[in-house]
Amino acid sequence: MPHTLPTDLTCPRITTCAHGPGLSRIVAGMWRMTEWGMSVEQRVDFIENCIALGVTSFDHADIYGGYGVESLFGDALRLQPSMRDRIELISKCGIKLVSPQRPQHTIQHYDTSAAHITASVDESLRQLGTDRLDLLLIHRPDPLMDFDEVAHTFLGLRQAGKVLHFGVSNFSRHQFESLDKRIKLATNQVEFSPLHTAPMFDETFDGLQDLGVAPMIWSPLAGGRLFNGGEEHADNLRLVIKGIADDMGQPFASVVFAWIMQLPSQPVPLTGTGRIEAIKVAVAGTRFTLSRPDWFSILRAARGHEVA
Ligand SMILES: NC(=O)c1ccc[n+]([C@@H]2O[C@H](COP(=O)([O-])OP(=O)(O)OC[C@H]3O[C@@H](n4cnc5c(N)ncnc54)[C@H](OP(=O)(O)O)[C@@H]3O)[C@@H](O)[C@H]2O)c1
């Protein structure tokens with residue numbers, strides 16, 4: 001069955017938890033923005049087209065594009081300031097890259113100290129040209145992280161009105177729950193795709209479902225490797241997904257997004273593309289679910305074996 005995207009596509013919304021931020025069900029990831037080669041006017045158009053589609057949440061990190069993406073996005077906001085109140089901005093902190101932008105960094109390392117988190121947020125606000133972040137995530141678990149210090153710092157940022165909600169990224173279940181005990185977290189942003197299924201089996205998703213907190217998902221298409229990667233089982237996996245997509249008359253990637261969003265922890269996938277058509281394909285994945293046999297066919301092809 002050939003597929004055509006519906007003309008009336010609108011992205012639904014989700015609240016990541018009872019106390020969490022309202023986000024679009026599909027979040028636009030900005031990691032690769034420097035690769036898109038867009039002029040500032042094209043960046044404004046891209047953001048406006050996302051908003052028109054209902055994709056209003058944009059995922060950043062201080063380090064994206066070698067500390068360059070936030071200012072590219074900020075330039076678009078400075079050109080079209082009315083966009084700020086129609087979007088949600090997510091950013092991250094806690095990784096220090098060796099970069100010409102940060103000559104004082106002599107080794108790549110993590111820093112979740114109060115001083116670094118606070119300075120990083122101030123810099124993200126400056127680059128993005130905004131007075132607040134809707135959601136701030138600690139980018140990676142830091143072996144030197146003091147949960148009490150991080151919680152206290154988050155509280156201070158909230159009281160200052162600089163950050164409305166807090167979360168983490170790439171945390172284990174125990175790390176998430178340790179910090180969540182001290183200050184309520186809105187999400188754990190983790191890698192997940194048919195080529196990376198670990199969070200389904202290492203308690204990450206179960207723990208979040210239990211707490212009623214939706215995970216965010218990075219690299220849902222395995223960074224593009226779902227289309228062309230040479231991993232074990234990848235060829236068969238592609239054939240299985242394509243077979244289901246063709247039978248349902250849906251695009252290949254829509255089936256992958258639907259497969260992810262069908263999990264009961266309500267994962268919120270991030271796109272990685274600068275093409276509005278590819279974002280529409282992700283949004284189309286919010287409109288249908290897979291039968292259990294089809295869902296498990298993808299799981300079986302992903303792992304190379306049946307469930308027991
Ligand atoms: N928290 C973390 O540690 C972490 C880590 C990595 C990423 N992230 C976040 O997650 C976001 C998404 O990650 P990602 O960029 O890896 O997502 P992804 O969707 O898995 O991969 C995006 C890549 O897939 C390609 N692609 C999409 N559709 C395609 C198609 N039909 N055929 C061939 N290639 C296709 C895109 O190319 P085109 O541009 O040509 O469409 C792009 O290069 C990032 O932007 C970032 O915000 C977070």
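Analyst: Happy to! A salt bridge here is a side-chain nitrogen of Lys or Arg within 4 Å of a carboxyl oxygen of Asp or Glu. One thing to keep in mind is that this is a predicted model.

User: Thanks! How many salt bridges does the count come to by this rule?
Analyst: The count comes to 20 salt bridges.

User: Which residue does aspartate 111 meet in a salt bridge?
Analyst: Aspartate 111 pairs with lysine 96, at 2.8 Å from N to O. Aspartate 111 sits in the loop between strand E7 and helix H4, while lysine 96 is in strand E6, so the pair ties together parts that are 15 residues apart in sequence.

User: And are aspartate 111 and lysine 96 buried or exposed?
Analyst: Both of them are buried.

User: What about aspartate 75, which partner does it have?
Analyst: Aspartate 75 forms a salt bridge with arginine 78, with the closest N and O atoms 3.1 Å apart. The two are three residues apart in helix H3, which means about one helical turn separates them. Aspartate 75 is partly exposed at 33% relative accessibility, and arginine 78 is partly exposed at 42%.

User: Switching topic: in which order do the eight strands close into a barrel?
Analyst: The order is E3-E4-E5-E8-E9-E10-E11-E12, with parallel pairing. On average, neighbouring strands of this sheet are turned by 30° against each other, ignoring direction.

User: How many bridges join E8 to E9?
Analyst: Five bridges link strand E8 (residues 133–138) with strand E9 (residues 163–169), and the two run parallel. Leucine 136 stands opposite phenylalanine 166 in E9.

Definitions and conventions. Residues are numbered from 1 along each chain as its sequence is written. This is a predicted model: local features need pLDDT of at least 70, side-chain atom pairs count only at pLDDT 80 or more; totals for chains, interfaces and linings use all residues. Side-chain values use heavy atoms; hydrogens and water are left out. Two strands pair if DSSP finds at least two bridges between them. Helices (H or I, at least four residues) and strands (E, at least two) are DSSP runs, numbered from the N terminus. Axes are lines fitted to C-alpha atoms, for helices over the stretch in contact, and angles run from 0 to 180 degrees between N-to-C directions. Buried means under 20% relative accessible area, exposed over 50%, partly exposed in between (1.4 Å probe, protein chains only).
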